[in-house]
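Please examine the structure shown here. A set of questions and answers on its architecture is requested.

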Protein chains: 2
Amino acid sequence: MRQSELIGKTRKDAPKDEEAKNAQLLIRAGFVHKEMAGAYTFLPLGWSVVKKIEQIIREEMDAVGGQEMHLTALQNKASWEESGRWSDEVLDVWFKTQLKAGGDLGLATTHEEPLTNLLTDHIASHRDLPTYAYQIQTKFRNELRAKSGLLRGREFRMKDLYSFSKTEEEHEAFYEKAKQAYKNVFDRLGIGERTYLTFASGGSFAEFSHEFQMVTEAGEDTIYIDEEKGIAVNEEVYTDEVLEKLGIKKENLKEAKATEVGNIFSLGTRFSDPLKLVYKDETGEPQPVVMGSYGIGSSRLVGAIAEALSDDKGLIWPKAISPYDIHLIQLQDEVKDAAEDLYKKLVGKGYSVLLDDREKSAGEKFADSELIGISKRVVVGKRGVENGTYEVTDRITGETADMKEEDVCQI
Amino acid sequence: MRQSELIGKTRKDAPKDEEAKNAQLLIRAGFVHKEMAGAYTFLPLGWSVVKKIEQIIREEMDAVGGQEMHLTALQNKASWEESGRWSDEVLDVWFKTQLKAGGDLGLATTHEEPLTNLLTDHIASHRDLPTYAYQIQTKFRNELRAKSGLLRGREFRMKDLYSFSKTEEEHEAFYEKAKQAYKNVFDRLGIGERTYLTFASGGSFAEFSHEFQMVTEAGEDTIYIDEEKGIAVNEEVYTDEVLEKLGIKKENLKEAKATEVGNIFSLGTRFSDPLKLVYKDETGEPQPVVMGSYGIGSSRLVGAIAEALSDDKGLIWPKAISPYDIHLIQLQDEVKDAAEDLYKKLVGKGYSVLLDDREKSAGEKFADSELIGISKRVVVGKRGVENGTYEVTDRITGETADMKEEDVCQI
């Protein structure tokens with residue numbers, strides 16, 4: 001892609017009403033456009049990151065037996081009335097709308113009810129269980145305030161998986177597998193080292209739920225980390241009683257600010273009871289299905305990573321989700337042909353490359369490159385071309401080296 | 001995938017309130033679930049077809065320089081008021097909703113306004129043009145009636161590309177490229193031979209628009225086909241004057257029923273004028289941007305193909321969008337190991353395989369296989385296993401042959 005043609009120009013300032021650092025950076029770097037508070041259009045650079053994140057999540061959900069599907073955003077009220085969540089007083093983030101043909105609809109903020117209802121058509125016997133359904137799609141939440149950029153959207157992208165099991169034991173076995181799948185996701189995204197499985201409040205369905213918390217100074221949560229065990233405890237359940245139950249010693253814990261990048265919940269029969277999702281066990285007796293839900297906000301992740309991994313110069317993308325593999329900078333007009341030549345070679349090798357072919361000063365190009373944060377930068381400059389070398393810089397480590405063409409083609 | 005575990009069981013009857021053949025078939029075969037009239041959840045088989053269709057479209061849009069992005073569904077009224085399309089009397093398929101924080105929102109049925117508005121940030125000079133943006137996502141239309149299954153959804157999937165050009169000539173050049181890209185899409189989907197570039201009413205922006213009409217008896221449109229030229233004329237512009245203008249002779253035309261699977265429009269400055277999307281030409285003078293829009297409904301395509309390519313036994317998927325490459329039928333319990341063995345070999349060769357390992361009669365398995373319509377069926381039966389052969393049937397041609405394992409692995 002030639003940067004002169006890229007939709008999404010860098011800009012000096014974010015809109016004045018944008019308070020969140022993640023959105024300020026992403027807007028300035030041309031990744032997103034603010035439609036309204038809490039609703040952002042993904043421009044090509046931003047959408048590329050979202051697609052890469054979602055593909056990693058998809059592969060890990062497939063690997064634990066998840067079946068991908070796609071539920072509707074439009075929600076009939078029937079199944080939500082059965083679960084008691086249609087009322088705005090119970091679920092306070094509904095967007096509601098009306099059919100021209102008559103009747104109230106809601107926009108889905110989550111999908112326990114329609115999926116549980118749908119599966120009453122497909123689950124009858126113990127032979128139909130366990131089963132795991134997931135989707136990656138847009139959700140809507142009518143937040144009263146939405147000042148956190150992509151961290152709390154009125155419209156956002158999310159992967160939500162739901163597990164359906166015969167018994168608590170079968171549920172627990174999958175719940176453990178899901179924990180590992182989530183670890184794999186965050187490792188592959190490049191944030192594994194700073195992301196902790198964190199014990200949090202279980203709500204009314206279970207003693208604990210589990211969050212995946214990424215350590216960042218900008219985090220809105222406080223967690224207590226046991227580095228040795230590789231787990232953490234959220235402030236909300238940080239009591240002596242809980243620590244004892246978990247076999248964690250207070251003196252081993254380190255306090256840190258963190259932001260949630262995923263969560264998993266045991267739901268018990270909270271939804272299968274009211275929506276009558278039952279299976280016949282081996283003796284023919286009807287039994288309620290035991291459920292769990294497993295969420296990762298893919299657009300929230302873009303915002304969280306923008307906050308956590310940026311520096312004062314701009315964004316820093318881990319290699320696996322960098323919008324392009326290489327940012328190729330054509331430094332002067334005179335090296336246009338050399339830059340085009342290297343561009344074609346790198347694309348031919350299978351790299352995705354953003355070629356900065358704009359008529360801008362070297363200073364502006366370097367500043368934009370640091371703002372955009374592609375993981376590798378390769379500079380084609382007059383002096384280098386004379387020597388047959390290119391300056392290669394790693395955006396994450398900041399390390400720079402002059403490399404010959406054959407080495408650039410293997411970074 | 002083992003069919004015993006697949007979410008989405010076949011069923012004898014569609015819901016009683018489902019009138020459309022496409023939805024009846026897709027529901028019976030376990031591809032979709034009806035949430036409400038005009039809104040269908042895609043189950044794993046259906047979602048697999050949608051993803052394949054959308055990937056083909058994506059590749060062809062990328063090939064003509066389209067840049068993929070993702071606009072919001074939630075719409076602020078400001079830019080729609082500027083274009084005059086906020087009112088329900090002008091655009092009669094709006095779903096409207098309200099922010100809890102105050103203010104009216106709409107759900108996007110199309111995206112000319114927000115994209116034109118967004119690009120005022122990114123288009124300033126003639127150097128920024130032409131440019132092409134597209135997205136593949138969910139759209140909403142508050143249809144008064146929605147009885148056509150996936151052909152007319154209240155919530156549906158769509159690819160919409162928008163072109164932005166300096167002049168009419170530049171616009172026309174891309175418009176021709178888009179026609180070819182659309183032909184490529186329909187060829188690759190496997191419906192190229194029955195899909196015609198069709199002249200239709202241009203509305204207020206241009207003399208003609210162009211539809212891509214797929215011939216099918218169930219079609220809601222009537223078109224007149226010139227086989228030799230490979231084009232057609234929609235009934236709405238089928239006049240002597242138009243035929244003369246197009247250089248088409250009435251006696252060469254064949255009347256046919258057809259269903260629209262794509263359309264492309266010249267928009268002129270209909271949106272760039274009110275939304276003030278201008279560029280400075282080489283002399284520094286401001287000029288309005290010339291626009292076009294290019295749509296393909298990916299979920300509508302699933303419905304249209306289900307109507308057009310099915311027979312009285314069920315669905316028939318073209319190879320490129322078949323939910324699985326192979327439907328592998330384990331005919332009796334005794335051949336379970338042989339079926340598993342072949343399943344693993346085929347998956348190892350890179351085929352996607354649905355293995356019917358259910359405890360059902362041969363008759364039920366064959367009937368379900370024909371209903372689901374995967375393009376190739378491979379039967380593992382007792383007699384065949386003794387002879388070292390498998391029965392391979394092409395769902396499209398109906399041809400059947402007994403093949404040895406090495407040949408099955410190359411179908």
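This is a predicted model: local features need pLDDT of at least 70, side-chain atom pairs count only at pLDDT 80 or more; totals for chains, interfaces and linings use all residues.

Q: Into which domains is chain A divided, and how far apart do their C-alpha centres lie?
A: Chain A is divided into domain 1, residues 8-308, and domain 2, residues 324-408. The C-alpha centres of domain 1 and domain 2 of chain A are separated by 38 Å.

Q: What radius of gyration does chain A have, against that of a compact globule?
A: For 411 residues, a compact globule would have a radius of gyration near 22 Å. The C-alpha atoms of chain A fill a box of roughly 80 × 60 × 40 Å along the principal axes. The value for chain A agrees with the globule estimate, at 24 Å.

Q: What distance separates the end C-alpha atoms of helix 5 of chain B?
A: Helix 5 of chain B comprises 22 residues, 168-189. At 1.5 Å a residue, helix 5 of chain B should therefore span 32 Å. The end C-alpha atoms agree with this, being 31 Å apart.

Q: Are the buried residues of helix 5 of chain B on the same side or on opposite sides, and which residues are exposed?
A: The buried residues of helix 5 of chain B are B:H171, B:F174, B:A178, B:A181, B:Y182, B:V185, B:F186 and B:L189. They cover an arc of only 135° around the axis, so they lie on the same side of helix 5 of chain B. An α-helix has 3.6 residues a turn, so residues three or four places apart point the same way. On the other side of helix 5 of chain B, the exposed residues are B:E169 and B:E176.

Q: Which residue follows helix 5 of chain B, and what is its phi?
A: Helix 5 of chain B is followed by B:G190. The phi of B:G190 is positive, near 95°.

How values were computed: Residues are numbered from 1 along each chain as its sequence is written. Chains are lettered from A and ligands numbered from 1 in the order in which they are written. Domain bounds come from an automatic or database domain assignment. The radius of gyration is taken over C-alpha atoms; the globule rule is 2.2 Å times the number of residues to the power 0.38. Helices (H or I, at least four residues) and strands (E, at least two) are DSSP runs, numbered from the N terminus. The expected span of a helix is 1.5 Å times one less than its number of residues. A residue is buried if 20 or more other C-beta atoms lie within 10 Å of its own, exposed if 12 or fewer, and partly exposed in between; C-beta atoms are placed from the backbone. The arc is that of the directions from the helix axis to the C-beta atoms.
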